[in-house]
Amino acid sequence: MRPKRLEMLYRSLIKEHSQSPKNRGKLTDPDGEMELFNPSCGDLIQIQYHLKEDRIEEIVFEGQGCAISLASASLMTDLMQGKTVREALDLIDLFSELIQGNKSAESEVLGDAVFLEGVAKFPTRIRCANLSWSALEQALEEFKKGQGDESKDGK
Ligand SMILES: [Zn+2]
């Protein structure tokens, strides 16, 4: 895609998702939750999810922050509905690489979140974009610890 077109997609996506974020709310009895703060910008994001076996059945977020942090949380929660813990962790890794400027062929599996690659050009914004993803990663790592070592199945 041409750089100009990418830039436009990036901007309109951030605008759309920050003005009316998806999956915003709170869950009763979440199976996991995590709140993270980004002091360099003042973003505060809390994520909560329900798991069914090892699959994310429902995930929501709550918080306040800049347009990028909110748009990213909206895109992240949209992408993660129905994913397994393993898949979610792989997507988080991929996203983290992408916004640091390391785009790979696999980046397409990130759906619309792929357009957040635009933040790679603004190093101070990378933490804004990554905040909700890191929150989910930390919450899932806790969950895995609680489960003992079940990483033998899978790849
Ligand atoms: Zn921010």
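## Basis of the model

The structure is a predicted model, in which local features need pLDDT of at least 70 and side-chain atom pairs count only at pLDDT 80 or more, while totals for chains, interfaces and linings use all residues. Residues are numbered from 1 along each chain as its sequence is written.

## Overall make-up

The chain has 4 helices and 3 strands. Helices (H or I, at least four residues) and strands (E, at least two) are DSSP runs, numbered from the N terminus. Read from the N terminus, the order of elements is α-β-β-β-α-α-α.

The chain has a radius of gyration of 15 Å, close to the 15 Å given by the globule rule for 155 residues, so it is as compact as a globular protein of that length. The radius is taken over C-alpha atoms, and the globule rule is 2.2 Å times the number of residues to the power 0.38. The C-alpha trace spans about 45 × 35 × 25 Å along its principal axes.

## The sheet

The 3 strands make an open sheet in the order β1-β2-β3, with antiparallel pairing. Two strands pair if DSSP finds at least two bridges between them. The edges are held by β1 (32–38) and β3 (55–64), each with a single partner strand, so one side of each has no neighbour in the sheet. From one strand to the next the twist averages 15°.

β1 pairs with β2 (residues 43–52) over 7 bridges in the antiparallel sense, and Leu36 stands opposite Ile45 in β2. These two strands form a hairpin with 4 residues between them, and Gly42 in the turn has a positive phi of about 95°. β2 and β3 are also antiparallel, paired over 9 bridges, with Leu44 opposite Gln64 in β3. Their hairpin has 2 residues between the strands, and Glu53 takes a positive phi near 50° there.

Helix α2 (residues 67–80) lies across β1, β2 and β3 and runs at about 170° to β3. Axes are lines fitted to C-alpha atoms, for helices over the stretch in contact, and angles run from 0 to 180 degrees between N-to-C directions.

The axes of α1 (residues 3–19) and α2 come within 8 Å and cross at roughly 80°. The two helices are therefore roughly perpendicular; angles under 35 degrees count as roughly parallel, over 145 as roughly antiparallel, 65 to 115 as roughly perpendicular and the rest as oblique. Leu13, Ile14, His17 and Ser18 of α1 meet Ala67, Ile68, Leu70, Ala71, Ser74 and Leu75 of α2, where contact requires C-beta atoms, placed from the backbone, to lie within 7 Å. This contact of α1 with α2 has 7 nonpolar, 3 polar and no charged residues. Ala, Val, Leu, Ile, Met, Phe, Trp, Tyr, Cys and Pro count as nonpolar, Asp, Glu, Lys and Arg as charged, and the others, Gly among them, as polar.

α2 also packs with α4, at an angle of about 40° and with the axes 7 Å apart, which makes α2 oblique to α4. Residues meeting here include Ile68, Met76 and Met80 in α2 and Cys128, Trp133 and Leu136 in α4. The contact of α2 with α4 divides into 9 nonpolar, 3 polar and no charged residues.

## Helices α3 and α4

α3 (residues 85–99) and α4 (residues 126–147) have axes that come within 10 Å and cross at roughly 155°. α3 and α4 are therefore roughly antiparallel to each other. Among the residues that make the contact are Val85, Leu89, Ile92 and Phe95 of α3 and Ile126, Trp133, Leu140 and Phe143 of α4. By class, the contact of α3 with α4 holds 12 nonpolar, 2 polar and 2 charged residues.

Terms used:
Two residues are in contact if their C-beta atoms, placed from the backbone, lie within 7 Å.
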